[in-house]
Amino acid sequence: MVAPLPAPVLVNSELAAHADLEWQVDVHWQPNHAVRRRGLDSRELFAEQLPFMPTWARSSRHGATYGSRRYDFVLAGTRSENTLARVALRHLSLAAWVRAKAAEHDLSALPSDAGRRTSLLAGMLGGRRRYVDLFGGPLLPALRAMLATSAKSNVAYPDGEGVSLSSTEGVLTFAGICARTADLALADVREYADAALRAGVLRRGMVLRCTTCEQKQFQTVDKLGQRWRCARCDALNDLDRHAWKLPADEPTWFYDLHPVGRHVLSEHGEVSALLSAYLRKQRKEQRGAFIDLEEIVFLQGNRPQVEVDLVVYTDDVLTVAECKTPGELTGKERKREILKKCRAAAWLRADRLLFATTAEDWTQATRILVENAVASFSEWGPLGSPQVEFVAGLGRMDAEV
């Protein structure tokens, strides 16, 4: 709120006659546009961070509730309406709400390194929803194919629709992108690709070889001219057949993925985007807001405590999710890691603790381990443990809970 609310004056004359009467004032936000209930420190709900709180406030079922009386210095003889609190409240984003809940436990909550990368890509694309649509949508197989599996193009791209720039980096032709998005019509592939090109997440250009150092490289269309400069040795080259070799008539356009996007895929960061897309699709025709937050780390001082892959709030349900590529949790510390996720879910008073994978299914041993760890966790609040769910087959049309 940019201005305080009016004083909550009682309009009932019989009630207003009692000078010592106090009451509670409810402020309703639009449904699903703020995390409701779950308790929150009063100070975090005020728009201005004053050295003192004019009254108390709390999260409530439909928004916020605050006390009618001022708790700061009030002179004797002050008119009754001036003894009432006039507060300006704030509508917390999911990120701000998570930070506020972490502060209640003397923690800070910040984007992890992976979170900063996904936030950068979301900013380039124009928002979190567009990021999920690209990295959790039908173009994902083509993006993944740009992580070459061999330094030899004929091994990484036997169909001839891509070129390896190194053992881990490759570029695709538009035909190569279409071949890996068979469920989309060509016009739809073009629309996805053009949106990513406008954002700079995809880059169009040519694969050329320098005549001086013979370095094979990708040159973006913005850097091309009849004379182009080598990215390695800085030599000037002619844009002729020697530079592109094949085909003999004209060079081929290729598409490259932004380095930040490559980093996200190499660390399997797209699994969180796939889960976000899946959960949004599960809502079907429901109209409420869908808000999610990816890759958050909770710190005590400078020491990381827990990293959470995805936090989702929709239909008044708060979900804390762990995303994996394999269908099992491995390593000696796996139970400890599960308990860390339980701790984060307890801090946020989550309704659901979700484990998601792109594998065909979770192993039975992992399911039992998670369920036992949740049952033995001793820090759940009075409402008990959240609902535990497993999702497998992310990225398939038939992903299942």
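## The loop between α3 and β4

Aspartate 106 sits in the loop between α3 and β4; helices (H or I, at least four residues) and strands (E, at least two) are DSSP runs, numbered from the N terminus. Its phi is positive, about 60°, although aspartate 106 is not a glycine. Aspartate 106 is exposed, with a relative accessible area of 64%. Exposed means over 50% relative accessible area, buried under 20%, and partly exposed in between (1.4 Å probe, protein chains only).

This is a predicted model, in which local features need pLDDT of at least 70 and side-chain atom pairs count only at pLDDT 80 or more, while totals for chains, interfaces and linings use all residues. Residues are numbered from 1 along each chain as its sequence is written, and side-chain values use heavy atoms, with hydrogens and water left out.

## Helix α3

The buried residues are Leu94, Ala96, Trp97, Val98, Ala100, Lys101 and Ala102.

What do the buried residues of α3 pack against? Their partners are the helices α2 (42-45) and α13 (334-348), together with the strands β4 (108-111), β12 (290-300), β13 (303-314) and β14 (317-324). Contact here means heavy atoms within 4.5 Å.

## Glutamate 294 in strand β12

Strand β12 also holds glutamate 294. Glutamate 294 is buried, with a relative accessible area of 5%. Its side chain makes a polar contact with the side chain of arginine 128, at 2.5 Å. A polar contact is a pair of N or O atoms within 3.5 Å; within protein, one must be able to donate a hydrogen and the other to accept it, and residues adjacent in sequence count only if both atoms are side-chain atoms.

Not counting residues up to four places away in sequence, glutamate 294 touches Gly115, Thr118, Arg128, Tyr131, Gly269, Ser272, Ala273, Asp309 and Leu310.

## Packing of α4 and α11

Two packed helices are described by the angle between their axes and the distance between the axes. For helix α4 (residues 113-125) and helix α11 (residues 259-266), the angle is about 135° and the axes are 10 Å apart. Axes are lines fitted to C-alpha atoms, for helices over the stretch in contact, and angles run from 0 to 180 degrees between N-to-C directions.

α4 and α11 are therefore oblique to each other; angles under 35 degrees count as roughly parallel, over 145 as roughly antiparallel, 65 to 115 as roughly perpendicular and the rest as oblique. Their crossing is left-handed, meaning that the near helix is turned anticlockwise from the far one by less than a right angle. On the α4 side the meeting residues are Arg117, Thr118, Leu120 and Leu121, and on the α11 side Val260, Gly261, His263 and Val264.

Asparagine 237 belongs to strand β10 (residues 236-238). At 2% relative accessibility, asparagine 237 is buried. The side chain of asparagine 237 reaches the backbone oxygen of alanine 235 at 3.1 Å. Leaving aside neighbours within four places in sequence, the contacts of asparagine 237 are Arg209, Cys210, Thr211, Thr212, Gln226, Arg227, Trp228 and Cys230.

Aspartate 234 is in the loop between β9 (227-229) and β10. Its phi is near 70°, a positive value in a residue other than glycine. Aspartate 234 is partly exposed, at 47% relative accessibility.

A polar atom of its side chain lies 2.8 Å from the backbone oxygen of serine 150.

Serine 164 and lysine 152 are 12 residues apart in sequence, and their C-alpha atoms are 6.1 Å apart. Lysine 152 is one of the contacts of serine 164 beyond four places in sequence, which also include Ala148, Tyr157, Glu169 and Lys216.

## A cis peptide bond

Most residues other than glycine have a negative phi, and most peptide bonds are trans. The bond from leucine 246 to proline 247 is cis, with omega near -5°. Proline 247 lies in the loop between α10 (241-244) and β11 (254-257).

## Cysteines

The structure holds 0 disulfides, a disulfide being a pair of cysteine sulfur atoms within 2.5 Å. Cysteine 342 is buried, with a relative accessible area of 0%.
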